[in-house]
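Please read this briefing with the sequence and the structure side by side.

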Amino acid sequence: MHRTGELYGQFETLEQQKESAQFGMWVFLVTEVLFFGGLFLTYAVNRHLYFTAFGVGGNMLDLTLGTVNTVVLIASSFTMAMSVWAAQTNRKKLLPVCLILTLLLGGVFLGIKYVEYKQKFDHHLIPGHSFDLTYRINHPAPTDNPKELAAERTEIEEAARHEAPTEPESGLTALNAHAQLYFSLYFGMTGLHALHMIVGGGLLVWVIKESLKGRFSTTYNTPIEIVGLYWHFVDVVWIYLFALLYLINRHAV
Amino acid sequence: MQSQLPLYPEEASNFAPHVDGLMIFITSVCLFFAVGVTIAIIYFFFKYRRKHPDEVGTPIHGDARLEATWIVIPLILALGMFSWGAVVYVDYRHSPPDTLDIYVIAKQWMWKVQQPNGLKEINELHVPVNRNIRLTLASEDVIHDFFVPAFRVKMDVVPGHYNTMWFRPTKPGRYHFFCSQYCGTNHAIMGGWVTVMEPTDYAAWLSGSLGGEANPVVAGEKLFAEKACITCHVANGTGRAPSLNGMYGAQVLLADGTTVTADEAYIRESILQPNAKIVAGYQPLMPTFQGQLTEEQILALTAYIKSLQSQPVPAKGSGIAPSTGKK
Amino acid sequence: MSEHVVSPKIYVVILLALLLGTFLTVQAALRDFGPWNIVIALAIASTKAILVILYFMHARYSPKRTQLVVVCAAFWLVLLLALTATDYIKRPSDQSRLTSATAFYRS
Amino acid sequence: MSATSPSPDHKLPRDHYLNATYGIRSWLLTTDHKRIALLYLFSVTFFFFVGGIFATLIRIHLLTPNGVLVTPETYNKLFTMHGVAMIFFFLIPAIPAVLGNFMIPIMIGAKDLAFPKINLLSWYIYVVGGTFVLYSFCTGGLDTGWTFYTPLSSVYSNSAVAPAVVGIFINGFSSILTGLNFIVTIHTMRAPGMTWFRLPLFVWAHYSTSLVMILGTPVVAITLLLAGMERLLHLGFFNPAMGGDPILFQHLFWFYSHPAVYIMILPAMGVISEIIPTFARKPIFGYSFIAASSIAIAVIGFLVWAHHMYVTGQSTYAALTFSFLTYLVAIPSAVKTFNWTATLYKGSISWDTPMLYALGFIGLFLIGGLTGLFLACVGLDIHIHDTYFVVAHFHYVMVGGAVMGYVGGLHFWWPKITGKLYPEILSRIAAITLFVGFNLTFFPQFILGYLGMPRRYHTYPPEFQVLNVFSTAGASILALGYLLPMIYLTWSMRYGKVAGPNPWPATGLEWKTDSPPPTENFHVTPVVDWEPYDYSNRPDLGLAPGRPLAPAHGDD
């Protein structure tokens, strides 16, 4: 295929340049997989050691918001894939639309993530000295659903009893410590993921600007593909984070 | 002068001859290859030295049979080393049943040792010769490592885990022990001496400094009453919790139908996280003692519970699995 | 090498499959299947991930070396998890983990 | 002197990469892989001397059982900083980022690496990471051991752990980007005719190294990040007091740090695979086996990490699994050694300096590699784990292996890099000094280790003194051996004889261009139509054809 665009000095042909860029991105994504892999292992080992406490932690997350976010991110992955198609088939009007949609959906994801973080902050679920699993049930907001709070209290009490049957005080302390590990990992993993989203957003802004200038075409679309690969990867990571952090032990509610 | 430059430390435990034998085997194999390759290189180096500046070597690209030979033969030898090493290792990790149990607690930068009768030592360890010794190792802060070169034994002391190691000293004498996992500023002076004594001397040494309170079994018995364990764990099996008579070393039947061997680890866990394993037929009532007992108190309680091993097991009210009850 | 243009029809099918997977995995999580809950969650997640990689990321239509890269990434991740598991699953002192967290928080 | 020997009538080419542009900006903003390699050369040499000074102080201190020089705190900082400087900032980047960076594009006939800007970026990342680590060294030092075991590093240490961890974390990305660049370059940038099985073995070695870099480094990066966060934010991932598991840290750490030794040794093996056929003037014996063994080492090297944890109380099952796999990784290294030795058979062997280094490498790597078999043996490792035996083994592989390979490679390609020849006699003396000094320093440590002297001890029982004195004496010879090349190589840049394009002569593509090469490496894109290390069909080398040492014999 005939290609257009600027040929960098180290390459012989544009074809070679494109292949190198694509392959380079894939290799980079491998390092990203292993980067998250270290966190996955830390998570797996701690989940193995403190199964109950991690279950309690997982149930503190808002499943609805998590599910909505998953859908949002999958949708953004779809619009990203459509951007690549638009570029490949020379649809110069559609391309920026798809890209902007992708960016917006990414923004929605981060917005929802912010709401979730804010909730956790308000409920004293940030690892540190003020971490307290029972804060929410002891300081309910007027808008809180009493049924939900009661369920949460039952679950915490049950789990604390699991740690120490007749002495809820020390059982709760141990539970707090282990749930704190869960939340350290929750914030670590989702935080690192969000950081990747922000980087991806920056890349999107760049290709949107270029696409509005009409620079991408059937013969020159490498940047779109590269950004697309990165964006889809971030999506794949979230698919696993959603399953691991939100879904396991959910039935205990 | 020769004794000043030995090639191996004294052989003073059951493991030492095995480890040294393994060492000699691997050394011989390696020497054979190292010497062979070195001689070949030196020989070629002189024999095929370039004699004319324009000379080129004979093009030989390889030989599949030769490659196969030097893949297969080293592989077989390597697997031999692995197997022998595995046999020795399995021996290291399976302590015999009749051990003398000593507790070792490491902290920056000292070793606290507690003899079975409660006698405490700092940076010293006295053991009788020809007796299987088992050390239970705990750390109060960072990772340490208990290393006795003359016994060829070594085990990390990891905070948050209980590690055990065993050995049988075979030669009376005094031997160095070291901390061999880097643990901070005074890592190098965190060591001491193991004294291996004749059994009679050991007994005399023990009784010579014996104190009633220092005996962990006695201390554990007192704690057992003080902490009200005794109110539920009634010896005749009529309490709300199983009798502990004869439990140590036996198979305990759990509520979920599985059985577990009642070893130190199980006892420790049952004290700190009582609900992790519930004995069949009992309610999860026991409180955790996490944070309420010091390491030494847990060791004392464990020692006391172990001493109940020889007590009569009640027909009802023990957690011991029926089919595998102790004879 | 000319690049493969994936038609939007396929993208839509994949999108629907991903949404269906999300729905199923949430439904499965709200029911008690015992230890199978984890298996189901991870199986659905992996299926979704594979769909994204194969179609959205065009791995299916990519050169062999790219596919090799994907396989390598998965292989090494599994290696990291599985070989560490050989230790944790059978670690003898596991049952006696002392969680002195209580002491830490009281001090 | 033959026609092929360097003769005075060689002239430096008029335009080459060194004189293409001038000024500090032309170096600091260069995207030329050759200049970036030189930037790396200066930086890793700097860290080598930083680490070397620490090593010297350590050896002086250990002259007497009670130590002669420093306090325990300082001693602990010395060996930690020695390890950190040498491993993360010298050994890991040394051969790949200097020799690999310079040679790989030329060897495969490319104008540059696939991503020249990323290449420059990786050097800046290295510098930033190095600055953090130096900052840590200067503000309280670092006393955790280079392994950063928790909870010592994350809770108990009072030294400047955080900046060091941040520095190593940052530096990891330098390594990742270098590896990424190499892999893509080797895949997509080869000249016409440069098929996979015509690649120099140096390139195969770097391909394997890059695999380890991109697959392992991210794991240690995230691990150190977690340990750093644990220290700064009091999180509990690896802190048993908060429910975390210190053993998990070791798994994560060694998942990278064991394969990392292959990052250090594989490129050195690649250098040796270039030097030996060149100075024996014959094709390397078993090309495909050496190439495949590089890949095998990189892959199997990832399966063995928990052999560093035999005495942590790991499960018997894990210990046996990892011991078995560790023995498997020994085989490809053995295959390489046998093939190198076989290459010498019926060669035309010259005693030039690079060859002395190569043979020194084989000798030292033999000892280093074979003692790995002792440590792999789970029953024997219990005794020698964490003793000087490990220290000796590690230094035999890393210093005797990797550094010998690096210095040998530096001599081999020095004429290509600078266009000048180094003084031959002096360099042979240096090579022999290094070999002798090295053995005297480290061989006694094997015996010390078996006798039971634990590592990282600032003071030791008096019965260990004799061997420690030997070791310190050897270290002073070794130090001299390192200073010599430093001096005469610098000297030769200005005063050395002009080398000409192919002084040895060697068969690789890098010797087909000028010395020093032009910025774009080749004036015309080369086409490769010869097999690697082939001296028989290369009239362009100017050697007398058909005058082999003995009648052709064997398979070919």
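In this predicted model, β4(B) and strand β10 (residues 192–197) of chain B pair in the parallel sense, and five bridges join them. Within this pairing, B:Leu125 is the residue that stands opposite B:Val194 in β10(B).

**The sheet around this pair**

- The two strands belong to an open sheet of five strands in chain B, which has the order β4-β10-β9-β6-β7 and mixed pairing.
- At the edges of the sheet stand β4 (124–128) and β7 (153–157) of chain B, and because each has a single partner strand, one side of each is left without a neighbour in the sheet.
- If direction is ignored, neighbouring strands of this sheet are turned against each other by 20° on average.

**The chain as a whole**

- Chain B is more spread out than a compact globule, because its radius of gyration is 27 Å, well over the 20 Å that the globule rule gives for 327 residues.
- Along its principal axes, the C-alpha trace of chain B spans about 100 × 50 × 40 Å.

**Burial and contacts**

- Of the 327 residues in chain B, 43% are buried.
- When contacts in chain B between residues at least 6 apart in sequence are considered, 69% of these contacts join residues at least 24 apart.

Methods
Residues are numbered from 1 along each chain as its sequence is written. Chains are lettered from A and ligands numbered from 1 in the order in which they are written. This is a predicted model: local features need pLDDT of at least 70, side-chain atom pairs count only at pLDDT 80 or more; totals for chains, interfaces and linings use all residues. The radius of gyration is taken over C-alpha atoms; the globule rule is 2.2 Å times the number of residues to the power 0.38. A residue is buried if 20 or more other C-beta atoms lie within 10 Å of its own, exposed if 12 or fewer, and partly exposed in between; C-beta atoms are placed from the backbone. Two residues are in contact if their C-beta atoms, placed from the backbone, lie within 7 Å. Two strands pair if DSSP finds at least two bridges between them. Helices (H or I, at least four residues) and strands (E, at least two) are DSSP runs, numbered from the N terminus. Axes are lines fitted to C-alpha atoms, for helices over the stretch in contact, and angles run from 0 to 180 degrees between N-to-C directions.
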